[in-house]
Amino acid sequence: MSRVRHERLCILSRQKSLYSTARLVEVAEALGARPIVMDTLRCTMVVGPGGSKLLYRGVAVEGLSAVIPRIGTSVTAYGMQVVNQLDSMGVPVVNRASAIARSRDKVRCLQLLAAGNVAVPRTVMASDTSHIVRLVEAVGGLPCVIKLLRGTQGVGVMLATTMTEARTIVDTFTSLGQEICLQEFIAESSGRDVRALVVGDRVVGAMRRQARAGEFRSNIHRGGEGSPMTLEPAYRETAVKAAKLVGLDICGVDMLEGRDGPRVMELNSSPGFEGLERATKQDVASEMVKFALEVAARPRS
Ligand SMILES: Nc1ncnc2c1ncn2[C@@H]1O[C@H](COP(=O)(O)OP(=O)(O)O)[C@@H](O)[C@H]1O
Ligand SMILES: [Mg+2]
């Protein structure tokens with residue numbers, strides 16, 4: 001334990017009071033590490049002669065053992081720069097910026113998963129949306145899901161049940177300059193999905209999320225409810241494989257329960273785990289902190 005006592009574990013987060021951030025701080029302290037929460041937007045990067053530096057509120061940051069980035073979608077671009085800066089200074093980061101960036105784009109993420117033989121819902125992205133019928137047919141017909149490439153918490157995920165609906169949804173988003181994709185609706189999983197939290201090379205917690213009545217999106221933020229579950233090996237292996245393919249050390253893997261097994265929808269690189277800890281009564285924060293400290297102890301390449 002003597003090593004752990006001197007570890008300076010940084011949590012990059014906009015707010016100390018967020019449940020997941022507060023839990024990471026609490027367990028890091030309990031493990032004897034010295035956590036520090038740094039507001040991503042208060043980090044300044046200096047690059048050039050004399051080496052790269054990171055200033056926090058104007059003061060150079062030194063001696064960090066590891067960083068857990070909790071980068072919200074509203075600060076993705078700047079957050080990536082901060083994570084890259086720390087990475088280039090030799091500070092171990094879990095996750096790396098390149099992997100976070102991959103996970104933020106749903107289609108990019110699905111491309112990587114499909115290339116690695118992970119089952120995903122059939123998905124179409126098109127710049128020319130004038131032939132909506134063809135696009136809908138390409139995902140297996142109606143009803144179909146239309147989603148924002150960079151949406152989160154269920155916002156921007158819609159179900160089109162008629163061709164007119166599909167056309168108006170696609171036209172609206174396209175005219176607003178939003179990138180979207182069309183996706184096969186996995187009807188047998190309607191209103192429910194599985195969230196697995198991967199840390200390193202294992203699943204440390206999983207829950208089934210059930211949407212509230214009349215809703216097909218099972219996000220907790222949309223009123224979905226989580227319940228604990230034991231993951232079947234196929235789901236566990238798929239979640240771990242998906243994380244590896246995208247290069248994420250820590251992530252939430254969202255899977256639909258398809259007729260032929262898991263279909264991965266997306267990976268979340270800064271997964272909130274309030275719902276998961278409440279549903280499973282498990283301490284997943286400790287798993288994350290222990291993993292970060294383990295990475296910190298590895299010899300640097
Ligand atoms: N292809 C689909 N078939 C059935 N349900 C879906 C599909 N895509 C998304 N959903 C439902 O919508 C929710 C949100 O979709 P997701 O792609 O994870 O977006 P977000 O990033 O907003 O969470 C999922 O948790 C799931 O319940
Ligand atoms: Mg999701």
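Where does R298 lie? R298 is in the segment after α10 (284-297), and point 7 returns to this residue. A few notes for a colleague follow.

1. **Ground rules.** This is a predicted model, in which local features need pLDDT of at least 70, side-chain atom pairs count only at pLDDT 80 or more, and totals for chains, interfaces and linings use all residues. Residues are numbered from 1 along each chain as its sequence is written, while chains are lettered from A and ligands numbered from 1 in the order in which they are written. Helices (H or I, at least four residues) and strands (E, at least two) are DSSP runs, numbered from the N terminus.

2. **Helix α5.** In α5 (residues 106-115) the buried residues are K106, C109, L110 and L113. Here a residue is buried if 20 or more other C-beta atoms lie within 10 Å of its own, exposed if 12 or fewer, and partly exposed in between, with C-beta atoms placed from the backbone. Viewed down the axis of α5, these buried residues fall within an arc of 95 degrees, so they line one face of the helix. The arc is that of the directions from the helix axis to the C-beta atoms. Their packing partners are α4 (97-104), β7 (123-124), β8 (144-148), β10 (180-184), α8 (233-246) and β15 (261-268). R108 also belongs to α5, and R108 is partly exposed because it has 15 other C-beta atoms within 10 Å.

3. **The α3 and α4 pair.** Two packed helices are described by the angle between their axes and the distance between the axes. For helix α3 (residues 76-88) and α4, the axes come within 9 Å and cross at roughly 155 degrees. That makes α3 roughly antiparallel to α4. The axes are lines fitted to C-alpha atoms, for helices over the stretch in contact, and angles run from 0 to 180 degrees between N-to-C directions. Angles under 35 degrees count as roughly parallel, over 145 as roughly antiparallel, 65 to 115 as roughly perpendicular and the rest as oblique. On the α3 side, T76, M80, V83, N84 and D87 meet A97, I100, A101 and R104 of α4, where contact puts the C-beta atoms, placed from the backbone, within 7 Å. By class, this contact has five nonpolar, two polar and two charged residues. Ala, Val, Leu, Ile, Met, Phe, Trp, Tyr, Cys and Pro count as nonpolar, Asp, Glu, Lys and Arg as charged, and the others, Gly among them, as polar.

4. **R102 in α4.** R102 sits in helix α4 and is buried, with 20 other C-beta atoms within 10 Å. Leaving aside residues up to four places away in sequence, R102 touches R108, C109, L112, V246 and G247.

5. **Backbone points to check by eye.** Most residues other than glycine have a negative phi, and most peptide bonds are trans. A cis peptide bond joins V94 and N95, with omega about 20 degrees; N95 is in the loop between α3 and α4. Another cis peptide bond joins L142 and P143, with omega about -10 degrees, and P143 is in the loop between α6 (132-138) and β8. N117 is not a glycine, yet has a positive phi of about 65 degrees. N117 lies in the loop between α5 and β7 and counts as exposed, with 8 C-beta neighbours inside 10 Å. Q153, also not a glycine, has a positive phi of about 60 degrees; Q153 is in the loop between β8 and β9 (157-160).

6. **Around ligand 1.** How many residues surround ligand 1? There are 24, and the closest are P121, V145, I186, R217 and S218; a residue is near if its C-beta atom, placed from the backbone, lies within 6 Å. β8, β10, β14 (250-258) and β15 each supply at least two residues of this shell. The shell divides into nine nonpolar, nine polar and six charged residues.

7. L197 is in strand β11 (residues 192-199) and is buried, with 26 other C-beta atoms within 10 Å. Its contacts, not counting residues up to four places away in sequence, include V203, G252, P271 and F273. R298, by contrast, is exposed, with 9 other C-beta atoms within 10 Å.

Conventions
Two residues are in contact if their C-beta atoms, placed from the backbone, lie within 7 Å.
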